[in-house]
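The following exercises concern a predicted model. Please work through each task before reading its solution.

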Amino acid sequence: MRVLGVDPGLTRCGVGVVEGVAGRPLTMLGVGVVRTPADAELGQRLVAVEQGIEAWLDEHRPEYVAVERVFSQHNVRTVMGTAQASAVAMLCAARRGIPVALHTPSEVKAAVTGSGRADKAQVGAMVTRLLRLDAPPKPADAADALALAICHIWRAPAHNRLQQAVARHTAQAPARPSTAPMTPKGRTA
């Protein structure tokens with residue numbers, strides 16, 4: 001499985017590609033950051049993020065894209081930029097028919113370090129160890145993107161089994177009777 005992890009941001013959007021399967025050693029295929037100038041107009045910044053992600057998709061041809069799920073922050077301006085960059089990443093993947101998975105920061109931290117409350121240094125250290133790198137990727141956004149990809153590779157088999165079970169259950173479930181009100185002659189209204 002080849003996964004492009006995206007740690008969304010307007011100034012620095014972390015990207016990293018990891019290949020492998022759960023339970024086996026993983027391989028980093030690339031890591032970096034798509035940067036945009038903070039003084040540029042918002043539309044130009046979003047186009048730059050799109051172009052950067054498209055280039056990564058072209059070069060690495062991932063089977064999945066894993067994006068950090070945007071969560072509420074106290075700084076509305078920061079969360080808006082993160083959400084906008086996240087939407088661009090999802091749009092780029094959807095345009096190509098690549099499935100997108102969203103993972104919360106605590107899910108990623110728990111998957112990679114064993115603790116949903118791990119700090120950036122712990123995540124970077126574990127990414128370095130899991131991918132057998134010489135040093136943690138810099139900046140932290142790049143390491144976070146790799147952690148997202150690792151998280152998705154490890155969680156995907158269980159997630160896929162769950163989706164299949166739900167689909168089987170839905171297919172086997174008996175049809176529900178109509179809840180429309182009945183008329184005096186026993187017909188639905």
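**Exercise 1.** Which residues of helix α4 (residues 120-130) are buried?

Solution. A residue counts as buried when its relative accessible area is under 20%. In α4, the residues that are buried are Val-123, Gly-124, Val-127 and Thr-128. Viewed down the helix axis, these buried residues of α4 fall within an arc of 135 degrees, so they line one face of the helix. The face turned away from that buried side carries Ala-121 and Arg-129, which are exposed.

**Exercise 2.** Determine which residue caps the N-terminal end of α4, and which residue with positive phi follows the helix.

Solution. At the N-terminal end, the cap is Asp-119: one of its side-chain oxygens lies 3.2 Å from the backbone nitrogen of Ala-121. After the helix comes Arg-132, with a positive phi near 55 degrees.

**Exercise 3.** Describe how the axes of α3 and α4 cross.

Solution. The axes of α3 (residues 105-113) and α4 come within 9 Å and cross at roughly 50 degrees. That angle makes α3 oblique to α4. The crossing of α3 past α4 is left-handed.

**Exercise 4.** How many disulfides does the structure hold?

Solution. A disulfide is a covalent bond between the sulfur atoms of two cysteines. The structure holds zero disulfides. For Cys-92, the nearest cysteine sulfur is that of Cys-13, 9.4 Å away; the cut-off for a disulfide is a sulfur pair within 2.5 Å. Cys-92 counts as buried because its relative accessibility is 0%. Cys-151 likewise counts as buried, at 0% relative accessibility.

Terms used
Residues numbered from 1 in each chain as written. Predicted model: local features only at pLDDT ≥ 70, side-chain atom pairs only at ≥ 80, totals over all residues. Heavy atoms only, no water. Buried < 20%, exposed > 50% of the residue type's maximum accessible area, 1.4 Å probe, protein only. Helix = DSSP H or I, 4+ residues; strand = E, 2+ residues; numbered from the N terminus. Arc of directions from axis to C-beta. Polar contact = N/O pair within 3.5 Å; in protein donor to acceptor, adjacent residues only side chain to side chain. Axes fitted to C-alpha atoms, helices over the stretch in contact; angles between N-to-C directions. Parallel < 35°, antiparallel > 145°, perpendicular 65-115°, else oblique. Left-handed = near helix turned anticlockwise from the far one by under 90°.
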